[in-house]
Amino acid sequence: MSYYAKVSQNKYIPLGDANRRMQTEAGDGDEFDVQQAILKVRNFQEKQKTPLRNQKCQSKSPMINCNVPIDYSLYTYTNLQVIGQGSFGIVYKAKANETGEIVAVKKVLQDKRYKNREIQILQELNHPNVVETKHAYFSYGDCSDEQYLNVIMDYQPETIHSYNTQFLKQQQMIPQIQTKLYSYQLLRGLAYVHTKGVCHRDIKPDNILINPESNILKLCDFGSAKKLSLMEQNISYICSRSYRAPELLFGANNYNTQVDMWSVGCIIAEMFNGLPLFLGTSAVDQLVEIIKILGSPSKEEVLSMNKDYNIKQYSIIQIRKKDWANVFVNEIDPLAIDLVSKILTYCPKTRLSAIQALTHSYFDDLRDEITYKIYEKNIEIPNLFDFTKEELQNNQQLINKLIPRWYVKRNKQ
Ligand SMILES: Nc1ncnc2c1ncn2[C@@H]1O[C@H](COP(=O)(O)OP(=O)(O)OP(=O)(O)O)[C@@H](O)[C@H]1O
Ligand SMILES: [Mg+2]
């Protein structure tokens, strides 16, 4: 997919994934030298071919405070293997030499002219379904202007993408209980992120970490995330194409956190079907794929996605929407179909929010003591109900719905 960088007022050029982290938006600071950025990235990726060993945290470098009780700045790390080679950095599986703890280290080339939004956002987040930032520090390359940000995180062995691929190879689908547990935690993590005003903007299977033994799920990669403000315009060239909300395809600049919910709907459907639900080969083609299932959006729906869209020019062949039950290749729980159909709506306002989706009856059997106990006998179930006041924003109705009484009783004993 291509991303764009602003090179002058209102002018963006496609750069490919490599420059995603340097996209500029209104209020984000000065424009940057594109060629220089590309060279720096290439240079950085060349160097990464020889992994660093026993990388000592540089105590003189500015430390970034994280919400963890242990001081990880005291440790040195040995890189064990490269686990992710993203657009702007490398992610290593590493070992803290002093404790033997396995961690993940994301090393990103830092443009000194910009604050790193990813670490700023990660520092604000503290939730069981969001990757934990244990420590972060800057290191330097050969040239004095080469600065790297190293983020030490908890390590998770799989992503939804790698997990799904394993099942797909054997022509199987992810077991339904795992799909339910992962969908629930994905929504819970996102509901929390959204209460912080943060929109992730790149929800996709590779950015969702899981541990298939404990069945825990954690959101990662906040490199495209942003605190959205009503006063500010946001770029619509964001999010991987297959998971991109239709309002973004219609060029909206005033979208909200509901763009993440569209991606979630696509991912839940993908866990059932094994393959992406909407697989367009260009932005236009992506919209066509969506229309094939949701039908052509009405003029009202187009305006609900982008109020500034030139509606006079909008004329489209009327395509009827498909029955959601026929969208799924495998036989699945009708409640799951209902949930997906209520998330994948054109109008962002009618689309379920993350917290609303958590209350959907598809998840009721997790909250039911009898079915929960049956599940618990067969698989590991992470804590699903340890909601904080902040998460539920003191909303008694939500507390009653999302925290089962039996769970409260069990925890008091
Ligand atoms: N904490 C972690 N534990 C285990 N693996 C991780 C962790 N964080 C990231 N990864 C792996 O590294 C990959 C890249 O990480 P991340 O998405 O944060 O980097 P990125 O540079 O933004 O990548 P991209 O641009 O491809 O999305 C992830 O898809 C995942 O496979
Ligand atoms: Mg990523």
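Two strands pair if DSSP finds at least two bridges between them. That rule sets up the sheet described below. The model is predicted. The protein has 413 residues, and 37% of them count as buried. Its secondary structure comprises 15 helices and 14 strands. Among contacts between residues at least 6 apart in sequence, 61% join residues at least 24 apart.

**The three-stranded sheet**

- One open sheet has three strands in the order β10-β12-β13, and the pairing is antiparallel. Its edge strands are β10 (158-159) and β13 (216-219), each of which pairs on one side only.
- Strands of a sheet pair through backbone hydrogen bonds, either parallel or antiparallel.
- Strands β10 and β12 pair over two bridges, in the antiparallel sense. Glu158 has Ile210 in β12 as its bridge partner.
- Strand β12 covers residues 208-211 and pairs with β13 over four bridges, again antiparallel.
- Ile210 has Leu217 in β13 as its bridge partner. Asn211 has Ile216 in β13 as its bridge partner.
- A hairpin is formed by β12 and β13, with four residues between them. In its turn, Asn215 has a positive phi of about 65 degrees.
- Helix α4 (residues 176-195) lies across β12 and β13. The helix runs at about 35 degrees to β13.

**The surroundings of ligand 1**

- Ligand 1 is surrounded by 22 residues. The closest are Gly84, Gly86, Val91, Ala104 and Asp221.
- Four strands each supply at least two residues of this shell: β5 (76-85), β6 (89-96), β7 and β9 (147-154).
- By class, the shell holds nine nonpolar, eight polar and five charged residues.

**Lys107**

- UniProt, in an unreviewed entry, places the feature "binding site" at Lys107.
- Lys107 is found in strand β7, which spans residues 102-110. Strand β7 is also one of the strands that supply at least two residues of the shell around ligand 1.
- Is Lys107 buried or exposed? Lys107 counts as buried because it has 20 C-beta neighbours inside 10 Å, and a residue is buried if 20 or more other C-beta atoms lie within 10 Å of its own.
- Beyond its neighbours within four places in sequence, Lys107 is in contact with Gly89, Ile90, Tyr148 and Asn150.

- Gln171 is a residue other than glycine with a positive phi, near 50 degrees. Gln171 is found in the loop between α3 (160-169) and α4. Helix α4 is the one that lies across β12 and β13.
- Why does Gln171 count as exposed? Gln171 has 7 other C-beta atoms within 10 Å, and a residue is exposed if it has 12 or fewer.
- Asn394 is a residue other than glycine with a positive phi too, near 55 degrees. Asn394 is found in the loop between α13 (389-392) and α14 (396-402).
- Asn394 is exposed, because it has 9 other C-beta atoms within 10 Å.

Notes: Residues numbered from 1 in each chain as written. Chains lettered and ligands numbered in written order. Predicted model: local features only at pLDDT ≥ 70, side-chain atom pairs only at ≥ 80, totals over all residues. UniProt positions renumbered as here; feature names shortened; annotations may be inferred. Contact = placed C-beta atoms within 7 Å. Axes fitted to C-alpha atoms, helices over the stretch in contact; angles between N-to-C directions. Near = placed C-beta within 6 Å. Nonpolar A, V, L, I, M, F, W, Y, C, P; charged D, E, K, R; others polar.
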